[in-house]
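Here is a short note for anyone opening this model for the first time. Have a look at the picture, then go through the points in any order you like.

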Amino acid sequence: MAREDWYDSVAWQIAQQEQIANARDGLWKKARPVTPGRMVAELTFGFWVGLTGPKYSVDLWERHLYKAFPNARLGRKQLNKRLESIRLLRNRVAHHEPILSRDLVKDVDRILETIGWISRDMELWVRQTNCFHQRFYGLGSEST
């Protein structure tokens, strides 16, 4: 049975405890109620990537988190590696670091594939509504 207070019901590592406390404090400072949905939104991408790391392999991954990726045909280590690479790319972009020497088509295609591991419908929607391939390389969005 799912718990509303999931963020208070797991034996978190210290780093995740601090991130949860910071998320809760951020909501309080904004005078927003602390709800499960707001906590999900307030936590960083790095927090979620960390949950696929080795520290949580048994407690979370083997019991619950694998269900979040129903279309992934790979293990926790491979998923963590993919999510970590997406996180690092996201950070480079967010910090205005150079990315043009990267194979950006491959990066975007890996992100789309990863979305598909969660939801094939969402992957299809993102492929149909984004214009990265057309704008950046003049290719159709169906290229992979």
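1. Start with the contact between H6 and H7. On the H6 side you'll find Asp 109, Leu 112, Glu 113, Ile 115, Gly 116, Trp 117 and Ile 118, and they meet Arg 120, Met 122, Glu 123, Val 126 and Arg 127 of H7 (contact: heavy atoms within 4.5 Å). Sorted by class, the contact has six nonpolar, one polar and five charged residues (charged: Asp, Glu, Lys, Arg; nonpolar: Ala, Val, Leu, Ile, Met, Phe, Trp, Tyr, Cys, Pro; polar: the others, including Gly). H6 covers residues 104-118 and H7 covers 120-129, and the two pack at about 145° with their axes 6 Å apart (axes are lines fitted to C-alpha atoms over the stretch in contact, with angles from 0 to 180 degrees between N-to-C directions).

2. A word on what you're looking at: this is a predicted model, where local features need pLDDT of at least 70 and side-chain atom pairs pLDDT 80 or more, while totals for chains, interfaces and linings use all residues. Numbering starts from 1 along each chain as its sequence is written, and side-chain values use heavy atoms, without hydrogens or water.

3. What is the chain made of, helices or strands? There are eight helices and zero strands (DSSP runs numbered from the N terminus: H or I of at least four residues for helices, E of at least two for strands). Along the sequence, that reads α-α-α-α-α-α-α-α. The C-alpha atoms fill a box of roughly 50 × 35 × 25 Å along the principal axes. Of the 144 residues, 33% count as buried (under 20% relative accessible area; over 50% is exposed, in between is partly exposed, with a 1.4 Å probe and protein chains only). Take the contacts between residues at least 6 apart in sequence: 53% of them join residues at least 24 apart.

4. H6 also meets H5, which spans residues 76-94; their axes come within 11 Å and cross at roughly 130°. From H5 come Leu 79, Arg 82, Leu 83, Ile 86 and Leu 89, while H6 brings Asp 107, Arg 110, Ile 111, Glu 113, Thr 114 and Trp 117. By class, this contact splits into six nonpolar, one polar and four charged residues.

5. Leaving out residues up to four places away in sequence, Asp 107 touches Leu 89 and Arg 102. Leu 89 is 18 residues away along the chain, and the two C-alpha atoms are 8.3 Å apart.

6. Now over to H1, residues 14-29, where you'll find Gln 16. Buried or exposed? Gln 16 is buried, because its relative accessibility is 8%. Skipping residues up to four places away in sequence, Gln 16 touches Phe 47, Leu 51 and Tyr 56.

7. Finally, check two loop residues. Most residues other than glycine have a negative phi. Ala 31, however, has a positive phi near 60°; this residue lies in the loop between H1 and helix H2 (36-42). With 69% relative accessibility, Ala 31 counts as exposed. His 96 isn't a glycine either, yet its phi is positive at about 55°. You'll find His 96 in the loop between H5 and H6, and it too is exposed, at 73% relative accessibility.
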